[in-house]
Amino acid sequence: MDSPAPNKTKGSAVKRPPQDRIVRSVELVVERKNFTLSLRENHRGRFVRITEQTGNNRSTIIVPAPALASFITKLSELQPNG
(Lines give C-alpha, C1' and ligand atoms only; values in the text may rest on other atoms or scores of the structure.)
Protein backbone atom coordinates (compact mmCIF):
# COMPACT_ATOMS: atom_id res chain seq x y z
CA MET A 1 0.00 0.00 0.00
CA ASP A 2 1.13 3.48 -0.80
CA SER A 3 1.35 5.95 2.02
CA PRO A 4 -0.79 9.07 1.61
CA ALA A 5 0.92 12.13 0.16
CA PRO A 6 1.72 14.81 2.71
CA ASN A 7 -0.80 17.61 2.88
CA LYS A 8 0.41 20.77 1.20
CA THR A 9 -1.25 24.04 1.87
CA LYS A 10 -1.26 26.91 -0.55
CA GLY A 11 1.96 28.89 -0.23
CA SER A 12 3.85 26.20 1.65
CA ALA A 13 6.62 26.26 -0.95
CA VAL A 14 7.30 29.94 -0.30
CA LYS A 15 10.62 30.41 1.46
CA ARG A 16 10.43 33.07 4.13
CA PRO A 17 13.50 34.99 5.24
CA PRO A 18 14.54 34.72 8.88
CA GLN A 19 12.91 37.19 11.24
CA ASP A 20 14.48 40.47 12.27
CA ARG A 21 16.87 40.45 15.21
CA ILE A 22 16.47 43.31 17.67
CA VAL A 23 19.87 44.83 18.44
CA ARG A 24 18.59 47.55 20.77
CA SER A 25 15.23 49.08 21.58
CA VAL A 26 14.14 52.20 23.47
CA GLU A 27 10.73 53.63 24.34
CA LEU A 28 9.53 57.22 24.56
CA VAL A 29 6.18 58.45 25.88
CA VAL A 30 4.94 61.86 24.71
CA GLU A 31 1.49 62.91 25.88
CA ARG A 32 -0.79 59.98 24.93
CA LYS A 33 1.56 58.50 22.33
CA ASN A 34 4.04 55.70 22.86
CA PHE A 35 7.03 55.58 20.53
CA THR A 36 9.29 52.57 20.19
CA LEU A 37 12.59 52.93 18.36
CA SER A 38 14.21 49.60 17.54
CA LEU A 39 17.57 49.05 15.90
CA ARG A 40 17.13 45.78 14.05
CA GLU A 41 18.94 43.66 11.53
CA ASN A 42 17.98 40.99 9.05
CA HIS A 43 19.48 39.32 6.00
CA ARG A 44 19.38 42.65 4.12
CA GLY A 45 21.15 44.78 6.77
CA ARG A 46 20.46 47.08 9.71
CA PHE A 47 17.56 49.51 10.03
CA VAL A 48 15.59 51.46 12.61
CA ARG A 49 11.89 50.76 13.02
CA ILE A 50 9.98 53.67 14.57
CA THR A 51 6.55 52.71 15.83
CA GLU A 52 3.93 55.10 17.19
CA GLN A 53 1.13 53.57 19.25
CA THR A 54 -1.92 55.63 20.21
CA GLY A 55 -4.76 53.62 21.67
CA ASN A 56 -5.57 50.90 19.15
CA ASN A 57 -3.79 52.65 16.26
CA ARG A 58 -0.22 51.85 15.27
CA SER A 59 1.95 53.49 12.63
CA THR A 60 5.44 52.38 11.64
CA ILE A 61 8.24 53.72 9.49
CA ILE A 62 11.53 52.04 8.70
CA VAL A 63 14.77 53.93 8.11
CA PRO A 64 17.74 52.03 6.67
CA ALA A 65 20.86 52.38 8.85
CA PRO A 66 22.91 54.11 6.11
CA ALA A 67 20.27 56.89 6.00
CA LEU A 68 20.12 57.50 9.77
CA ALA A 69 22.60 60.41 9.85
CA SER A 70 20.68 62.25 7.12
CA PHE A 71 17.37 61.44 8.79
CA ILE A 72 18.55 62.85 12.14
CA THR A 73 19.94 65.97 10.42
CA LYS A 74 16.60 66.63 8.74
CA LEU A 75 14.73 66.09 12.02
CA SER A 76 16.99 68.56 13.79
CA GLU A 77 16.19 71.15 11.09
CA LEU A 78 12.54 70.93 12.16
CA GLN A 79 13.30 71.71 15.79
CA PRO A 80 12.11 75.20 16.71
CA ASN A 81 14.88 77.57 17.84
CA GLY A 82 14.55 78.65 21.25
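**View 1. Arg 40, a residue of strand β2.** Arg 40 lies in strand β2; strands here are DSSP runs of E with at least two residues, helices are runs of H or I with at least four, and both are numbered from the N terminus. This is a predicted model, in which local features need pLDDT of at least 70 and side-chain atom pairs count only at pLDDT 80 or more, while totals for chains, interfaces and linings use all residues. Residues are numbered from 1 along each chain as its sequence is written, and side-chain values use heavy atoms, with hydrogens and water left out. Arg 40 counts as buried because its relative accessibility is 15% (buried is under 20% relative accessible area, exposed over 50%, partly exposed in between, with a 1.4 Å probe and protein chains only). Skip the neighbours within four places in sequence, and Arg 40 is in contact with Asp 20, Arg 21, Ile 22, Val 23, Gly 45, Arg 46, Phe 47 and Arg 49 (contact means heavy atoms within 4.5 Å).

**View 2. Ser 38 and its partner Ser 25****.** Ser 38 also sits in strand β2, which covers residues 33-42. With 5% relative accessibility, Ser 38 counts as buried. Ser 25 is 13 residues away along the chain, yet the two C-alpha atoms are separated by 4.2 Å. The side chains of Ser 38 and Ser 25 are joined by a polar contact of 3.1 Å (a pair of N or O atoms within 3.5 Å; within protein, one must be able to donate a hydrogen and the other to accept it, and residues adjacent in sequence count only if both atoms are side-chain atoms). Beyond four places in sequence, the contacts of Ser 38 include Phe 47, Val 48 and Arg 49.

**View 3. The lining of the largest pocket****.** Here, 13 residues form the lining, and Leu 37, Val 48, Ile 50, Phe 71 and Leu 75 lie nearest the centre. (A pocket is an open set of points on a 1 Å grid over the protein atoms alone, where a 1.4 Å probe fits, with protein on both sides within 12 Å along at least five of seven lines; lining residues have an atom within 4 Å of a point.) The elements giving two or more residues to this lining are β1 (21-30), β2, β3 (45-54) and α1 (68-78). Helix α1 supplies the largest share, four residues.

**View 4. The whole chain, for orientation.** Starting at the N terminus, the elements run β-β-β-β-α. Buried residues make up 7% of the 82 residues.
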